[in-house]
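Please look over the sequence and the model below.

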Amino acid sequence: MGRSLWAAVVLSLLAAPAVRAQNVFEIVYGDVKNFVLDIGAVWTSPFRGEWSDYRTAGLVLGGAGVLVLVDKPVADWVRDHQHTALLEAFDPLREGYDPKIEKLATAPRLDQIPLALYGAGLLVGSRSLRDAATGCLAAHQAQATPRYYFYHLLGRERPWVVEGSERRAPDESIGRPGDHLHFNVPGVKTWYDNSLPGGHVTNIVSCVSYLNHRFDLGVAEPALWTLALGIGVARMADQRHWLSDTALGSVLGIALGKYLAERSLDRLREDEGPPGGAREERPMTPELVVAPGRDGTRVGWRIRF
């Protein structure tokens, strides 16, 4: 994380006007404790499941296995139709596009942005901002760490491979189409053999799922889902992942985010009492704002928290 972000968090601890310094320490301690417990709950959940949970997990894995049968024709179509309107619609979410929106789904951004948001939550005394930040951080770390080690156990070739490269070559035209049935046990420590599940889509979907299940975001909810799933499709368009990689990562992210949101809401009910409705205490609802300006009418969104 950059020094500026660490500075923002430290300044928030020192300058938070809403609470005393001791209370700030207590708040941070409680949030860190819940963050660790949430990750631990995710990691131990396979040992605490019921029959219905294992059955659902089996159905998800079976569905991903069925999609493997169509991975190659889908990847071939994508490779041969790069300039169709369907794929060009996802250009803003693809690699090489400026601004680099797809970087929102990568490890540095999914840590840096929530930490900055957490500092803002401390500064203004907002539990909602703090919960949003720690929830996305937990959603990222809970799946990214075991996924890193999973790649070492099981490797799968990506749809496009550049020979002799651990990451990617400047000119990927010298590469070749990958083999959707090329698995390695144990995994190979190269970027081009870390295809299953899709990392970008698992990262962003788990965070979006948490936010949409934890808060009532109104019209922002479908916008966030569009962003998250759009990044998954863009990764297929960039020939980074197969269809089954993307589908499995999406389902994992949705389930993980929902589980963490339920834990966060349970803590909220314990601290403040049960809300009147299932989604009543979920602030941060965006409002459409239309206001006159010197250069014309301005349209935007405002979030209250």
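Predicted model: local features only at pLDDT ≥ 70, side-chain atom pairs only at ≥ 80, totals over all residues.

Residues are numbered from 1 along each chain as its sequence is written, and side-chain values use heavy atoms, with hydrogens and water left out.

**Overall make-up**
- The protein has nine helices and six strands. Helices (H or I, at least four residues) and strands (E, at least two) are DSSP runs, numbered from the N terminus.
- Of the 305 residues in the protein, 41% are buried. Buried means under 20% relative accessible area, exposed over 50%, and partly exposed in between, with a 1.4 Å probe and protein chains only.
- Among contacts with a separation of 6 or more, 71% join residues 24 or more positions apart. Contact means heavy atoms within 4.5 Å.

**Disulfide**
- The count comes to one disulfide, defined as a pair of cysteine sulfur atoms within 2.5 Å.
- Cysteine 136 and cysteine 207 form the link, with sulfur atoms 1.9 Å apart.
- The link is right-handed, with 75 degrees about the S-S bond.
- Cysteine 136 lies in helix 6 (residues 127–153) and cysteine 207 in helix 7, so the pair ties together parts that are 71 residues apart in sequence.
- Cysteine 136 counts as buried because its relative accessibility is 4%. Cysteine 207 counts as buried at 10%.

**Helix 8**
- Helix 8 (residues 220–237) has 18 residues and should span 26 Å at 1.5 Å a residue. The expected span is 1.5 Å times one less than the number of residues. The end C-alpha atoms of helix 8 are 25 Å apart, which agrees.
- Its buried residues include Glu221, Ala228, Ile231 and Met236.
- The buried residues of helix 8 pack against helix 3 (51–80), helix 4 (85–88), helix 7 (199–214) and helix 9 (243–272).
- Just after helix 8, glutamine 239 takes a positive phi of about 60 degrees.

**Helix 9 and its partners**
- Helix 7 and helix 9 pack at about 35 degrees, with axes 7 Å apart. Axes are lines fitted to C-alpha atoms, for helices over the stretch in contact, and angles run from 0 to 180 degrees between N-to-C directions.
- Their contact has nine nonpolar, 10 polar and two charged residues. Ala, Val, Leu, Ile, Met, Phe, Trp, Tyr, Cys and Pro count as nonpolar, Asp, Glu, Lys and Arg as charged, and the others, Gly among them, as polar.
- The axes of helix 6 and helix 9 come within 10 Å and cross at roughly 145 degrees.
- Residues making this contact include Arg127 and Asp131 of helix 6, and Arg267 and Asp271 of helix 9.
- By class, the contact of helix 6 with helix 9 has six nonpolar, three polar and five charged residues.

- Aspartate 71 sits in helix 3. At 0% relative accessibility, aspartate 71 counts as buried.
- Beyond four places in sequence, aspartate 71 touches Arg156, His180, Trp242, Leu243 and Ser244.
- Aspartate 71 and histidine 241 are 170 residues apart in sequence and 9.4 Å apart in space, C-alpha to C-alpha.
- Asparagine 203 is in helix 7 and counts as buried, with 6% relative accessibility.
- Leaving aside neighbours within four places, the contacts of asparagine 203 include His140, Gln143 and Arg147.
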